[in-house]
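Dear colleague,

Please find below the sequence and the structure that I am handing over to you. My notes on it follow directly after.

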Amino acid sequence: MIQLEHDRGLFADCPWCRRQPVRYHDGDNLQLRAALKPEWRSPNGFYASYHFGSCEFCGGQFFGCTLNMIAGSIEEDQQTGGFWNYLWMNEDTEILGSHEAVLDAMRWPVTLHAIPKGTMFQHDFGPYAMRDEAWEFMQQIIIGIWPALRALAELSNGGIP
Ligand SMILES: [Zn+2]
């Protein structure tokens, strides 16, 4: 089970030289949905974007992912937009809090947003040092903890934060 702890702001440094800030230059849909087992794709209220960039100090390349998730479904299709705009971070939200998620040996920042459908969890993974098949590596990290991510989002129905 994922525990939410106080945010110590430890994450956003270059994985090669540990300097800050880290700026991603570009990104794209991680295509997480297609990589998930079919029974894990519903409810559909999640969107994962893959980011990559290079360090302005050492030039090292890195990548990461932002996964936004709500407890339930979004009725519109992605072409229509609607509530998808929240998962795409194209709409203003009220930030409810910043935390560190802890699960076994993993630790990553989570930001909670209030949107009209309840609480949206913004999970930020990385930056990781660039490697071969970074895209698939990122998918597999998330798939490996998917049930716990789901359970955390579902808890928002019961009073998080
Ligand atoms: Zn660096």
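The notes below move from the overall fold to the sheet, the helices and the core.

This is a predicted model, in which local features need pLDDT of at least 70 and side-chain atom pairs count only at pLDDT 80 or more, while totals for chains, interfaces and linings use all residues. Residues are numbered from 1 along each chain as its sequence is written.

The protein chain contains four helices and seven strands, where helices (H or I, at least four residues) and strands (E, at least two) are DSSP runs numbered from the N terminus. Starting at the N terminus, the order of elements is β-β-α-β-β-α-β-β-β-α-α. The radius of gyration is 15 Å, close to the 15 Å that the globule rule gives for 161 residues, so the chain is as compact as a globular protein of that length. The radius is taken over C-alpha atoms, and the rule is 2.2 Å times the number of residues to the power 0.38.

The seven strands form an open, antiparallel sheet in the order β1-β5-β6-β7-β4-β3-β2; two strands pair if DSSP finds at least two bridges between them. β1 and β2 (26-29) stand at the edges with a single partner strand each, so one side of each has no neighbour in the sheet. Strand β1 (residues 3-6) pairs with β5 (residues 94-103) over four bridges, and Glu5 stands opposite Glu100 in β5. Glu100 also stands opposite Pro109 in β6, and nine bridges join β5 to β6. In the hairpin of these two strands, Asp104 takes a positive phi near 50 degrees. β6 is joined to β7 by six bridges, with Gln122 in β7 as the bridge partner of Thr111.

Helix α4 packs on the sheet, touching β4, β5 and β7. Contact requires C-beta atoms, placed from the backbone, within 7 Å.

The largest nonpolar core has 31 residues, and those with the most contacts inside it are Ala48, Cys65, Met69 and Ala153. Such a core is a set of buried Ala, Val, Leu, Ile, Met, Phe, Trp, Tyr and Cys residues joined through C-beta atoms within 7 Å; buried means that 20 or more other C-beta atoms lie within 10 Å of a residue's own. Among the elements that each supply at least two residues of this core are β4 (61-69) and α4 (146-155). Leaving aside neighbours within four places in sequence, Ala153 is in contact with Met69, Ile70, Ala71 and Phe121.

Yours sincerely

Note on methods: A residue is buried if 20 or more other C-beta atoms lie within 10 Å of its own, exposed if 12 or fewer, and partly exposed in between; C-beta atoms are placed from the backbone. Two residues are in contact if their C-beta atoms, placed from the backbone, lie within 7 Å. Axes are lines fitted to C-alpha atoms, for helices over the stretch in contact, and angles run from 0 to 180 degrees between N-to-C directions.
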